[in-house]
Amino acid sequence: MVKTMDSLGSYAKEDVTFLLKDLSGADIEKSTLERERAIQNGVHYSEMLPVEYQPSEEYIKLFHDSLEKAKKDIALYVALAAEQIVHSRGLDIVLCSLARAGTPIGVLMKRYIGYKYGVTVPHYSISIIRGRGIDENALSFILDQHPGEKVVFVDGWTGKGAITKELTGSISRFNEKHGTDLSHDLAVLADPGHCSNLYGTREDFLIPSACLNSTVSGLMSRTVLNDSLIGPDDFHGAKYYKELLPDDLSSFYVDSISSEFKGIASSVESELAELREHHTDMNWAGLNSVRRIQEEFQIADINHIKPGVGETTRVLLRRVPWKILINTEKEHYLEHILMLARDRGVPVEEYNDMSYSCCGLIKQMDKKA
């Protein structure tokens, strides 16, 4: 089996190990329009990559402003999610973040556990792809390296729960095939979709790492599963954009948030008690919102509905949007969404009947090659 490359990604070596095949030399980027047409004509999204978005100075400033406003809250949400993990699983754990949105959150959870408990837990970042499952080679590698330790899966946020369902199915199949007993529970920073029981908050707010792509995710692309590049014994692949090192904010982002751990330490226990008091088990409220939107806007493919701040940002950065729905009660979270929509000429419509702050709707393309 392929072994990991210690030099992959721009995070410090002690923060995370990417279990991904380096595809930096492959020419698999497609323009947004070309990629959208291909996806809607049956090509799986994981077989190609979008061209990396190069943000304007104004947009980068918005990232810094949003980070400054949110870093203390994010540190608290990281702590709350991490404490729930430790209380339910103990400290003999391996954090396994889902690349790429889960990676910075996994780094922060690892750092928080080190800060609070003085324990260095292993942290890997591996690929999971909707419709194709988790990278079983990477998962087997982790189990070989850490026998007897509990694997905890980490992501950034939930949308309508597609990755939650993918993880559940993937881990069930893996357990059956290998005789293992892995838990498919997913720990997230934010769970506006109400499809996780391990979360820091269920508020659909702007997580600044959703604003950017590789430059806040260790300079890694999203993950790739293309038979022409990935063999049966390989890890799933990704590109490492070393040429973007001068613009890299990955370490700056996690450093800014982890520097707040000391300041929020005294409030973690009371906030954790409040979170538990108001906790409800996952009820897929987000998916119910999405189904209402699907019916109201007559959208044939539910995958063309991308709810939540993080997913709406992705629609604007790397898909072809039809329109953006915004919850006017949460407009204070949406400055970057409105900026991107304005820059791209995408219509914005008020729509408050959803459990999210906003929702991105993908344009139905003509069925042409």
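# A guided tour of salt bridges, rings and a pocket

Select D191, which is buried, with a relative accessible area of 0%. In this tour, buried means under 20% relative accessible area, exposed means over 50%, and partly exposed covers what lies in between (1.4 Å probe, protein chains only). The model is a predicted one, in which local features need pLDDT of at least 70 and side-chain atom pairs count only at pLDDT 80 or more, while totals for chains, interfaces and linings use all residues. Residues are numbered from 1 along each chain as its sequence is written, and side-chain values use heavy atoms, with hydrogens and water left out.

## Salt bridges

D191 and R202 form a salt bridge, their closest N and O atoms being 3.0 Å apart. A salt bridge here is a side-chain nitrogen of Lys or Arg within 4 Å of a carboxyl oxygen of Asp or Glu. D191 stands in the loop between β10 (186-190) and β11 (198-201), and R202 in the loop between β11 and β12, 11 residues apart. The element names come from DSSP runs numbered from the N terminus: helices (H or I) have at least four residues and strands (E) at least two.

How many salt bridges does a search of the whole structure find? The search finds 18.

Select E29 and K239 next. Their closest N and O atoms are 2.8 Å apart in a salt bridge. This pair links distant parts of the chain, for E29 is in strand β3 (residues 29-30) and K239 in the loop between β12 (237-238) and α6 (250-258), 210 residues apart. E29 is partly exposed, with a relative accessible area of 23%, whereas K239 is buried, at 7%.

Proceed to R319 and E36. This salt bridge brings its closest N and O atoms to 2.7 Å. R319 belongs to the loop between α10 (309-318) and β14 (321-326), and E36 to helix α1 (residues 32-40), 283 residues apart. Are R319 and E36 buried or exposed? Both are buried.

## Aromatic rings

Now display the aromatic side chains. The structure holds 11 aromatic pairs. Rings of Phe, Tyr and Trp (its six-membered ring) pair if their centres lie within 6.5 Å; planes under 30 degrees apart count as stacked, over 60 as edge-to-face, and the rest as tilted.

Select Y112 and F261. Their rings form an edge-to-face pair, 5.3 Å centre to centre and with 80° between the planes. Y112 lies in helix α3 (residues 102-117) and F261 in helix α7 (residues 261-264), so the pair ties together parts that are 149 residues apart in sequence. Y112 is buried, with a relative accessible area of 2%, and F261 at 2% also counts as buried.

Y115 is in helix α3 and F261 in helix α7, 146 residues apart. Y115 is partly exposed, with a relative accessible area of 42%.

For another group of rings, select Y77, F205 and Y333, which form one aromatic cluster.

## Charges over rings

Select K323 and W322. The charged end of K323 sits over the ring of W322, 4.5 Å from its centre. The cut-offs are that NZ of Lys or CZ of Arg is within 6 Å of the ring centre and within 35 degrees of the ring normal. Then select K165, which lies over the face of W284 at 5.1 Å from the ring centre.

## The largest pocket

Finally, show the surface. Rolling a probe the size of a water molecule over the atoms shows where empty space is left. On a 1 Å grid over the protein atoms alone, a pocket is an open set of points where a 1.4 Å probe fits, with protein on both sides within 12 Å along at least five of seven lines; lining residues have an atom within 4 Å of a point.

The largest pocket has a volume of about 300 Å³, counted as the space filled by probe spheres set on the points, which are joined across faces, edges and corners. Which residues lie nearest the centre of the largest pocket? Select S66, K69, L206, H332 and Y333, which lie nearest the centre among the 16 lining residues. The elements that give two or more residues to the lining are α2 (57-89) and α11 (335-344). The largest share, seven residues, comes from α2.

Colour the lining by class to see eight nonpolar, three polar and five charged residues. Ala, Val, Leu, Ile, Met, Phe, Trp, Tyr, Cys and Pro count as nonpolar, Asp, Glu, Lys and Arg as charged, and the others, Gly among them, as polar.
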